[in-house]
Amino acid sequence: MPLLNRLKEYRSRLGVNQTEMGKLAGVSRQTISQIERGDYSPSVTLALKLAKICEVNVEDIFIYEEEINDEEEK
């Protein structure tokens, strides 16, 4: 998956668990867990909300990496 994230790191810096982060962001603990595992890509609105909660830019938490096709490498 090309969208990587550092949400767990920033959540830990705030000293909150997944449930508390979910309440702050208006989503479930499961959603926070799925984002941290990379199983779910948040909406732009949710990504911005999480960045605001962590007091950082969205790019500090979420990193987009292009997938390189085998043919492009040749």
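Q: A residue counts as exposed when its relative accessible area is over 50%. Why is Glu55 called exposed?

A: In this predicted model, Glu55 has a relative accessible area of 73%. The cut-off is over 50%, so Glu55 is exposed. The residue sits in the loop that joins helix 4 to helix 5 (58–61).

Q: What makes the backbone of Glu55 worth a note?

A: Its phi is positive, at about 60°, although Glu55 is not a glycine.

Q: Why does Glu36 count as buried?

A: Buried means under 20% relative accessible area. Glu36 has 17% relative accessibility and therefore counts as buried. This residue belongs to helix 3, where Thr31, Ile32, Ser33 and Ile35 are buried as well.

Q: What makes the pairing of Glu36 with Arg11 a polar contact?

A: A polar contact needs N or O atoms within 3.5 Å, one able to donate a hydrogen and the other to accept it. The side chains of Glu36 and Arg11 make such a contact at 2.6 Å. Leaving aside residues up to four places away in sequence, Glu36 touches Asn5, Leu7, Lys8, Arg11 and Gln18.

Q: What do the buried residues of helix 3 pack against?

A: Their partners are strand 1 (3–5), helix 1 (7–14), helix 2, helix 4 (44–54) and strand 2 (62–64).

Q: Why is helix 2 described as roughly perpendicular to helix 3?

A: The axes of helix 2 (residues 18–25) and helix 3 (residues 29–37) cross at roughly 105° and come within 7 Å. Angles of 65 to 115 degrees count as roughly perpendicular, and that makes helix 2 roughly perpendicular to helix 3.

Q: Which residues make this contact between helix 2 and helix 3?

A: Helix 2 contributes Gln18, Thr19, Met21 and Gly22, and helix 3 contributes Arg29, Ile32, Ser33 and Glu36. By class, the residues of the contact are 2 nonpolar, 4 polar and 2 charged.

Q: How do you know that the buried residues of helix 2 line one face?

A: The buried residues of helix 2 are Gln18, Met21, Gly22 and Ala25. Viewed down the helix axis, they fall within an arc of 100°, so they line one face of helix 2. On the other side, Lys23 and Leu24 are exposed. The buried residues of helix 2 pack against helix 1, helix 3 and helix 4.

Q: What makes Asn17 a cap of helix 2?

A: One of its side-chain oxygens lies 3.0 Å from the backbone nitrogen of Thr19. A polar contact requires such atoms to be within 3.5 Å, and the 3.0 Å pair caps the N-terminal end of helix 2.

Q: What pattern does the chain follow along its sequence?

A: The order is β-α-α-α-α-α-β-α, from 6 helices and 2 strands.

Q: What share of the chain counts as buried, and what share of its contacts joins residues 24 or more positions apart?

A: Of the 74 residues, 28% count as buried, the limit being under 20% relative accessible area. Among contacts with a separation of 6 or more, 57% are between residues 24 or more positions apart.

Technical notes:
Residues are numbered from 1 along each chain as its sequence is written. This is a predicted model: local features need pLDDT of at least 70, side-chain atom pairs count only at pLDDT 80 or more; totals for chains, interfaces and linings use all residues. Side-chain values use heavy atoms; hydrogens and water are left out. Axes are lines fitted to C-alpha atoms, for helices over the stretch in contact, and angles run from 0 to 180 degrees between N-to-C directions. Helices (H or I, at least four residues) and strands (E, at least two) are DSSP runs, numbered from the N terminus. Angles under 35 degrees count as roughly parallel, over 145 as roughly antiparallel, 65 to 115 as roughly perpendicular and the rest as oblique. Contact means heavy atoms within 4.5 Å. Ala, Val, Leu, Ile, Met, Phe, Trp, Tyr, Cys and Pro count as nonpolar, Asp, Glu, Lys and Arg as charged, and the others, Gly among them, as polar. Buried means under 20% relative accessible area, exposed over 50%, partly exposed in between (1.4 Å probe, protein chains only). The arc is that of the directions from the helix axis to the C-beta atoms.
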